[in-house]
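Subject: Structure handover

Hi,

Here is the structure I promised to pass on to you. Have a look at it first, and then read on for what turned up.

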Amino acid sequence: MSFEHTATLIGDERNGKKLDALSLLRHHGDAETGDGLIDFAVNVQGSSPPRWLQKRLAAKLTDLGAYPTTAADRLARETIARRHGRDPEEVLLLSGGAEGFAMLPRLRPALAAVINPSFTEPELALREADVAVHQVMLSAPYLLDPSRVPEAADMVVIGNPTNPTSVLHDRADILALRRPGRILVVDEAFMDAVPAEEHSVAGDRFDDVLVLRSLTKTWALAGLRCGYALGDPDVLARLTHGRAHWPVGTLQIEAITACSEPAAVEISRNAAASIAVDRDAMITRLREAGIDVHTPARAPFLLVKIPSADTVRRQLRADGIAVRRCDTFPGLPPGHIRVAVRGPEQVDVLLTALTRALESHRGSRRTS
């Protein structure tokens, strides 16, 4: 069986011109936001880090005249290792989870299988490095079928929970993707928003499983870029070959350490429980309004199916609400938007604007 080293065209066509597939893979929710808009497009919780974390970071400002130290790096890795029951040598600090995706081509896969629809950054990084990519397209309800992955793939990339479907895959199904000679990459960027981090493989010590974690969502650190990788020391060494000196700054190291300490992990667990309550309430309210929401949903965002999604998204923006377009995700059928889980007051505003946009769309169809 052969696999083409080409990207599937995603998105739509406007004025007869096809949109470049790679440019769509580069699109992320932050492009939807703007001043004065209520943000349902980005999945960061809050607009700034909590006060206690701000104080921790502020206390490090006087250290910025010196280079980041190996002692600070070691402390951060030890803290993360205790959190996940690993060794410090199995931890790699990252300048955001996205840096981990950019490193994947250094593992030199011959064929990378990417489970879609999913976060597009890993596929983009692999394609731009001229790695052959096979897109494993899941259809609704977007549940993982390990048998769909070609045996020839020596790298498999999957998100858990998956962006944008909000599906949480079973741990056993994730690990069923393992094969001799294959690296399994699990993007757990949103796992800390799942109560009890159910189905995480971050604590599993396999020499062929690489887990990427982000701290930017729960702790509102998107502008600081904080994350880490968990994996076999030999795999981590291959990832860092050719990496620049001091790749993670002093403030990043401090934030990674602080957010991995037991007190912060407990705060994160409580936040995950609150997100689950808000998500269930949001699903109920959207469905009562006649809006199709994909379930089961376990992430801090929801995939919503609506007619004329692009038109509705633009109308919502005109009404002051930013949502995530979904025509940039390979394998996702037309007619979807993604909305971040928010509290009841913000959901009130979303529902009012969404109902108005859908009524306007139905009215225009009746008169056309």
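To start with a question: which residues in H8 are buried? They are Thr250, Leu251, Gln252, Ile253, Glu254, Ala255, Ile256, Thr257, Ala258, Cys259 and Ser260. That makes 11 of the 11 residues of H8, so this helix is largely enclosed by the rest of the structure. The cover over its buried residues includes H2, H3, strand E4 (91-94), strand E10 (227-230) and H9. Please keep in mind throughout that this is a predicted model.

**The overall picture**

The protein has 11 helices and 15 strands. Its radius of gyration is 21 Å, close to the 21 Å that the globule rule gives for 368 residues, so the protein is as compact as a globular protein of that length. If you want to set up a box, the C-alpha atoms fill one of roughly 70 × 55 × 35 Å along the principal axes.

Of the 368 residues, 52% count as buried. The exposed surface comes to about 16300 Å², and carbon and sulfur atoms supply 51% of that area. Taking the contacts between residues at least 6 apart in sequence, 73% join residues at least 24 apart. As for charges, there are 44 positive and 47 negative ones, and their mean positions are 3 Å apart.

**Aromatic pairs**

A search of the whole structure finds 4 aromatic pairs. One of them is formed by Tyr67 and Trp246, which are stacked at 4.4 Å centre to centre with 25 degrees between the planes. This pair links distant parts of the chain, 179 residues apart: Tyr67 is in the loop between helix H2 (51-58) and helix H3 (70-84), while Trp246 is in the loop between helix H7 (233-240) and helix H8 (250-260). Both Tyr67 and Trp246 are exposed.

Phe101 and Phe119 form another aromatic pair, this one tilted, with 5.7 Å centre to centre and 50 degrees between the planes. Here the partners are 18 residues apart, with Phe101 in helix H4 (residues 97-103) and Phe119 in the loop between strand E5 (111-116) and helix H5 (121-128). Phe101 is buried, at a relative accessible area of 3%, whereas Phe119 counts as partly exposed at 24%.

Most residues other than glycine have a negative phi, and most peptide bonds are trans. Against that background, a few places deserve a look.

The bond from Asn116 to Pro117 has omega near 0 degrees, and Pro117 lies in the loop between E5 and H5. The bond from Asn160 to Pro161 is also cis, with omega near -10 degrees; Pro161 belongs to the loop between strand E7 (155-159) and helix H6 (171-175).

Which way does phi go at Tyr142, positive or negative? Tyr142 is not a glycine, yet its phi is positive, about 65 degrees. Tyr142 sits in the loop between strand E6 (132-137) and E7 and is buried, with a relative accessible area of 4%. Glu197 is likewise a non-glycine residue with a positive phi, of about 50 degrees. Glu197 is found in the loop between strand E8 (183-187) and strand E9 (209-214), and its relative accessible area of 18% makes it buried, since the cut-off for that class is under 20%.

**Two more residues**

Pro262 is part of helix H9 (residues 262-288). Is Pro262 buried or exposed? Pro262 is exposed, with a relative accessible area of 68%.

Val293 is in strand E11 (residues 292-293) and counts as buried at 2% relative accessibility. Leaving aside residues up to four places away in sequence, Val293 touches Ile283, Leu286, Arg287, Leu302 and Leu303. Arg356 is 63 residues from Val293 in sequence and 18 Å from it in space, C-alpha to C-alpha.

Happy to talk any of this through.

Best wishes

Terms used: Residues are numbered from 1 along each chain as its sequence is written. This is a predicted model: local features need pLDDT of at least 70, side-chain atom pairs count only at pLDDT 80 or more; totals for chains, interfaces and linings use all residues. Side-chain values use heavy atoms; hydrogens and water are left out. Helices (H or I, at least four residues) and strands (E, at least two) are DSSP runs, numbered from the N terminus. The radius of gyration is taken over C-alpha atoms; the globule rule is 2.2 Å times the number of residues to the power 0.38. Buried means under 20% relative accessible area, exposed over 50%, partly exposed in between (1.4 Å probe, protein chains only). Contact means heavy atoms within 4.5 Å. Accessible areas come from the Shrake-Rupley method with a 1.4 Å probe; for residues, only the protein chains shown count as cover. Lys and Arg count as positive and Asp and Glu as negative; His and the chain ends are not counted. The place of a charge is taken as NZ of Lys, CZ of Arg, CG of Asp or CD of Glu. Rings of Phe, Tyr and Trp (its six-membered ring) pair if their centres lie within 6.5 Å; planes under 30 degrees apart count as stacked, over 60 as edge-to-face and the rest as tilted.
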